[in-house]
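User: Hi! Could you walk me through this model?
Analyst: Happy to, here it is.

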Amino acid sequence: MPSDRSFRITAGHLALITVVTCGGLAPAAAAHAASPTPGVPAAVVGTGTTAVPQLAAAAAAAPITRSQVIARAKTWNPHTSKRVPYSQTKTHGGYRTDCSGYASMALGLAKPGPITVGLAKSAYTRRIQMSELRRGDLVIDAIGSNTTRHVVIFDKWANSAHSSYYAYEQRGHYGTDYRTRTYGLSSGSEYKPYRALNIREDAPPPPPPTVTRAQVIARAMSWNPGTAKRVPYSQAKQYGGYRTDGSGYVSMTLGLPKPGPLTTALASSAYSRPIAMAQLLQGDLVIDPVGGNTARAVVIFDKWADAAHTSYWAYQQRAGYGTDHRVVKDGLTAGSQFHAYRPTRIR
């Protein structure tokens, strides 16, 4: 867990107060600290006949998009052997290597970064609902002792029930991590969701290119499905600039930007619209967008395998094999998570 320290230095009639939360300055350096908020002089309160007014909060941070926040979070190599070790006294690239320093770095705030309590202030964030969380938002516990306050960066929900989520964090005794969390989801939790004031929405993706159904099938066949020359399956590798997983293969057939959107994105209105299974035409998609990256799947409808429509031929990039063309029943059984979609730009 994070660790905080608080101390007070009194000289004459002035009190200089510095609070270090989830990392910060070592006590030895506190006498020289300007403020708990980088770049802003400390709030000084007079104890004599004349009071010195509190000075302004932090200047507005430069705007940053959600994708930029996540890209910056990844630069500290979360959950790898190259991750940045946790420390309240050290810095990496000018930012404290504690939880609030890490979040500050991801948001592009002034170095070395405001403390956890500061991040929850109106100078940097505003409160939202847990149901409103989006990529790059924060979940903060700004209450309690110096061993309980903490902040994580929300990435995405881990399941359709929203009972847990993936988050980036700089955690004590480990360093930069990426894992599932449940902070803020239980009744009475001290963790609350916040949206940074400087965060901006990503620009919408360019409209997918128009493609004919014949072109989709021709491109699907170019990866040699069901033959010795098929493209092996991998979520990490690429072929012709596209990921060699299910969504990468489908993205290639539709002519989408490389390396291809994920399965969940393919099922969004940016790329497709839901249709009934009975409406499937060659080049349409059947998608299971639910679950983790090993559970989600997408196939390309080719043709019905029988007059009763109890199965159909489909092209797919399947795990453990690679490019295939085979008869499947995905989406035809009651309660299936597979549903039919029509690519937005197919003609």
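This is a predicted model: local features need pLDDT of at least 70, side-chain atom pairs count only at pLDDT 80 or more; totals for chains, interfaces and linings use all residues.

User: Which way does α2 cross α3?
Analyst: The crossing of α2 past α3 is right-handed, meaning the near helix is turned clockwise from the far one by less than a right angle. Helices here are DSSP runs of H or I with at least four residues, numbered from the N terminus.

User: Which residues make the contact?
Analyst: From α2 they are Gln68, Val69, Arg72 and Ala73, and from α3 Tyr102, Met105, Ala106 and Leu107; contact means heavy atoms within 4.5 Å.

User: And what's the angle between α2 and α3?
Analyst: About 130°, with the axes 7 Å apart. Axes are lines fitted to C-alpha atoms over the stretch in contact, and angles run from 0 to 180 degrees between N-to-C directions.

User: Switching topic: where is proline 112?
Analyst: Proline 112 sits in the loop between α3 and α4, and the peptide bond to it from lysine 111 is cis, with omega near 0°. Lysine 258 and proline 259 are also joined by a cis peptide bond.

User: What about histidine 173, buried or exposed?
Analyst: Exposed, at 80% relative accessibility; exposed means over 50% relative accessible area, with a 1.4 Å probe and protein chains only. Histidine 173 has a positive phi of about 65° and lies in the loop between β10 and β11.

Methods:
Residues are numbered from 1 along each chain as its sequence is written. Side-chain values use heavy atoms; hydrogens and water are left out. Helices (H or I, at least four residues) and strands (E, at least two) are DSSP runs, numbered from the N terminus. Buried means under 20% relative accessible area, exposed over 50%, partly exposed in between (1.4 Å probe, protein chains only).
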